[in-house]
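The structure is shown first.

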Amino acid sequence: MDDLKAKVFDLRRDTVDIIVAGKGGHIGGDMSVMEILAALYFRVMNVSPKRADDPDRDRFVLSKGHSMEAYYAVLCAKGFLDLEEVKEKFSKFGSSYIGHPNNKLPGIEMNSGSLGHGLPVCVGMALAGKMNKKEYRVYTVMGDGELAEGSVWEGAMAANQYHLDNLCAVVDRNRLQISGCTEDVMGHDDLAERFSSFGWHVISVRGNDLDELLQAFSEASQTKGKPSVIIANTTKGYGSPVMENKANWHHKVPTQEEYNQIISDFAAGKEAALHE
């Protein structure tokens, strides 16, 4: 486990480098979601670049599509994409490496970015799996600000109606969005109660803790008869005090001085993980 705990700091460094190269990116949410993506791609999901079109592969949709830079870093580390090519072409005119998921690229199931669509699409994927008697599982990651979208709750109702126990949603609950605190914009402090009232199995964890996340994904996979949601309580900008819990780091490019401190903080985090 220590190797993955250390790896997430390398992934954070790669993410920041992609953002700096492209001169823009949703850096705060990239940092908060990193452990979730790493847990899914390196410990939980049945996916491989050698079997990208395997009908039995697990499905993943990044519904909070603006955290694409973190997703690029993970897809590169998993072997779907080339990191140097992503850094060279990210956010350039005519490039396929845009700021939101693009399913013309290997490993990406669907385009996203218009918030609230990931869960309803994943409901369809999970229902298709049930109808076709497939064993694959379906995962999506949503932002907490995204939950103000009505389509999320339509999807939640349908997932319960069809008993989609092959579906697991994750909420990146970092409590900040572009316009400030989520509770000031559209309050969600009763998230567990809300999802439970829609018939979901609810698991709440510290979302930047890999041990808790992996235990939660295991519990979700063993839950029968209903979909599961993991409320991952994270910190926006996690990994460096320069960014942590600061709304103005929702979309930002670090200065050279900030970059140097951030990379130093990542190095310290990696070293601490290796010696746990």
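## Helices α5 and α6

In this predicted model, helix α5 spans residues 118-131 and helix α6 spans residues 150-161. Their axes come within 7 Å and cross at roughly 25 degrees. Angles under 35 degrees count as roughly parallel, so α5 and α6 are roughly parallel to each other. The crossing of the two helices is left-handed.

On the α5 side, the contact is made by Leu119, Pro120 and Val123. These meet Ser151, Val152, Gly155, Ala156, Ala158 and Ala159 in α6. By residue type, the contact of α5 with α6 has seven nonpolar residues, two polar ones and no charged ones.

## Cysteines

How many disulfides does the structure hold? The count is zero. A disulfide is a covalent bond between the sulfur atoms of two cysteines. For cysteine 122, the nearest cysteine sulfur is that of cysteine 168, 10 Å away, and cysteine 122 is in no disulfide. A pair counts as a disulfide with the sulfur atoms within 2.5 Å. Cysteine 168 is likewise in no disulfide, with the sulfur of cysteine 122 as its nearest cysteine sulfur.

Are these cysteines buried or exposed? Cysteine 122 has a relative accessible area of 0% and is buried. Cysteine 168 also counts as buried, at 0% relative accessibility.

## Arginine 173

Arginine 173 is part of strand β3, which covers residues 167-173. Its relative accessibility is 3%. Buried means under 20% relative accessible area, so arginine 173 counts as buried.

Leaving aside residues up to four places away in sequence, arginine 173 touches Asp144, Thr182, Glu183, His188 and Asp189, and also Leu191, Ile231, Ala232, Asn233 and Thr234.

## Positive phi angles in loops

Serine 91 is not a glycine, yet has a positive phi of about 65 degrees. It sits in the loop between α4 (83-89) and α5. With a relative accessible area of 45%, serine 91 is partly exposed.

Lysine 133 is another residue other than glycine with a positive phi, here near 55 degrees. The loop that holds lysine 133 runs between α5 and β2 (138-143). Lysine 133 has 72% relative accessibility and counts as exposed.

Note on methods
Residues numbered from 1 in each chain as written. Predicted model: local features only at pLDDT ≥ 70, side-chain atom pairs only at ≥ 80, totals over all residues. Heavy atoms only, no water. Axes fitted to C-alpha atoms, helices over the stretch in contact; angles between N-to-C directions. Helix = DSSP H or I, 4+ residues; strand = E, 2+ residues; numbered from the N terminus. Parallel < 35°, antiparallel > 145°, perpendicular 65-115°, else oblique. Left-handed = near helix turned anticlockwise from the far one by under 90°. Contact = heavy atoms within 4.5 Å. Nonpolar A, V, L, I, M, F, W, Y, C, P; charged D, E, K, R; others polar. Buried < 20%, exposed > 50% of the residue type's maximum accessible area, 1.4 Å probe, protein only.
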